[in-house]
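The entries follow the order in which I went through the structure.

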Amino acid sequence: MLFGWLPAVAVELVARIPAWSNLVPAAVVIAAGGGGLLLAGVIVRHRRRKRVAQAVVAQRVRDEVTLLKAKLRGRLSAPASLLAGNTGVAPTMGACEAFEGDIDAAARTVLIEAGGHRTKAKQLLRGRMNAHGAERNGLNGSEVGHWRQLGALSLLDGVTDAIPPYSRAADLAPENAEAQMLVGVLHLKAGNLAAAEAAFRRQIEIGNAANGSGGVARYRGHTMLGDVLAARAENDEAIAAYAEAQRQIKALLSGGDHSLALERDLSAICDRIGDVHLARLDLDVALENYRQSLEIAETLAARDAQNAVYQHDLSVSYDRIGDLLEKKGDREGAIDYFRKSLTIAKTLCLRDPDNTEWQWDLSASYDRIGDALIAQGNLKDALASYRNGLAIAEGLARRDPAHAGWQRDLAISYHKLGSLEAIDNPAEAREFLEKGRAIIDRLAQIAAHQAQWRSDLSRFDEVLKTLDG
């Protein structure tokens with residue numbers, strides 16, 4: 001009788017008391033002889049299935065995190081308004097890495113528990129925060145982390161969705177410079193300039209209070225304060241903020257800190273100063289700052305030729321100088337820099353064909369060269385360059401039809417090709433132009449409904465607040 005019912009008991013035991021699985025086999029073998037061997041086999045199979053299930057979840061989380069980070073970078077680089085161009089989108093001085101770090105923190109805990117599902121992970125985090133609220137007797141470090149993880153996962157829905165949780169994290173950690181920086185970046189992206197300025201000034205205060213250890217917080221705070229001032233067109237004040245950030249970075253470098261991150265940030269600040277001078281049409285001063293940035297970018301890229309970030313930075317520097325030379329009327333010089341950028345963009349795409357950022361850069365490089373060739377009167381080569389760019393833009397638009405920026409870029413490509421083909425190929429020109437017009441018309445309709453959608457969103461938010469406790 002013992003051997004007849006033992007397997008059923010084994011299955012029930014394994015299902016109900018998995019914590020025994022490391023101890024039961026030997027004990028049962030000793031107690032039950034051959035029947036114990038059968039129970040041991042059941043438990044071994046159970047362990048194996050559990051390991052396989054855990055491996056599947058872990059891989060799903062890794063895949064999801066890769067996609068989330070790519071989408072996050074897109075959110076941070078997107079223009080503030082739907083139909084805006086990409087001007088004014090500057091590197092966020094460590095903020096992107098910090099946001100990605102919060103996603104990594106979620107991946108190690110709550111995303112695993114949620115089986116890789118972001119919505120469920122957000123629900124779990126809210127539940128934990130509600131528990132913190134009921135039990136709080138002072139600042140809870142884990143609670144700050146939970147709010148930041150919720151903010152990072154919410155950033156994938158939109159910048160405004162991420163502001164409340166990151167604001168809560170900053171309130172709970174008023175002496176944490178990074179927490180102030182992140183909420184400041186989000187306010188800046190959302191156009192809340194007063195709130196962004198307050199956050200960055202607080203970041204600078206924290207850096208000042210930390211004395212020697214607060215150098216990075218100080219110079220990054222001054223840099224992003226400059227971004228706020230530049231957004232207000234307070235150009236002199238913006239340049240002064242950037243210059244202070246430059247001074248502080250150079251002091252860190254002269255003090256023996258030879259971090260590559262410092263040099264990269266110094267290059268980015270040179271670009272920002274150049275951008276402000278360009279906005280004031282001080283072209284020679286802008287070019288001088290862009291060349292200073294280029295010198296650093298070339299050094300970093302040569303030092304680590306396999307570093308895609310450094311190579312991308314170098315490509316951007318070439319494009320900036322090319323754009324400025326074109327404005328100064330030096331078309332040959334502009335094309336030379338654009339071709340250097342194109343070479344890097346091709347290399348990056350070959351290394352990582354699935355990287356949509358590299359693909360977009362390559363398409364933009366073809367467009368820049370096409371524009372410069374038209375200015376030279378070389379319509380044939382311009383047409384070929386535009387077609388190369390169009391093929392990539394169409395691929396990106398198919399990959400993500402909801403990406404308004406890519407849709408607009410595709411429409412611009414259609415317009416450029418349609419305008420050129422109108423000379424010798426009016427039928428194809430009409431097809432291009434009608435495709436482009438349809439895209440812009442659709443985007444315009446979306447933009448026209450934004451006010452109504454904001455009202456609709458507020459209704460969802462009202463109900464969601466009741467669920468958050």
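Entry 1, around Gly436. I looked up the contacts of Gly436 (contact means heavy atoms within 4.5 Å) and found that Gly436 touches Ala411 and Tyr414, not counting residues up to four places away in sequence. Gly436 sits in helix H20, residues 426–448, where helices (H or I, at least four residues) are DSSP runs numbered from the N terminus. With a relative accessible area of 7%, Gly436 is buried; buried means under 20% relative accessible area, exposed over 50%, and partly exposed in between, with a 1.4 Å probe and protein chains only. I also noted that Gly436 and Gly418 are 18 residues apart along the chain, with their C-alpha atoms separated by 8.9 Å.

I am reading a predicted model, in which local features need pLDDT of at least 70 and side-chain atom pairs count only at pLDDT 80 or more, while totals for chains, interfaces and linings use all residues. Residues are numbered from 1 along each chain as its sequence is written, and side-chain values use heavy atoms, with hydrogens and water left out. The mean pLDDT of the chain (pLDDT is the predictor's confidence in each residue, from 0 to 100) is 82, and 75% of the residues reach 70 or more.

I found Gln203 in helix H10, residues 193–209, and at 2% relative accessibility Gln203 counts as buried. Leaving aside neighbours within four places in sequence, Gln203 is in contact with several residues, including Ala177, Met181, Arg220 and Met224. From Gln203 to Ala177 the C-alpha to C-alpha distance is 4.8 Å, although 26 residues separate them in sequence. Glu197 is found in helix H10 too, and Glu197 is buried, with a relative accessible area of 16%.

A search of the whole structure finds 28 salt bridges, each being a side-chain nitrogen of Lys or Arg within 4 Å of a carboxyl oxygen of Asp or Glu. Which residue forms a salt bridge with Arg128? The partner is Glu113, and the closest N and O atoms are 2.4 Å apart. Arg128 lies in helix H6 (residues 118–135) and Glu113 in helix H5 (residues 110–113), so the pair ties together parts that are 15 residues apart in sequence. I then turned to Asp227 and Arg272, whose closest N and O atoms are 2.9 Å apart in their salt bridge. This pair links distant parts of the chain, with Asp227 in helix H11 (residues 215–231) and Arg272 in helix H13 (residues 260–279), 45 residues apart. Both Asp227 and Arg272 are buried. Asp102, Arg148 and Glu178, finally, are linked in a network of salt bridges.

Conventions. Helices (H or I, at least four residues) and strands (E, at least two) are DSSP runs, numbered from the N terminus.
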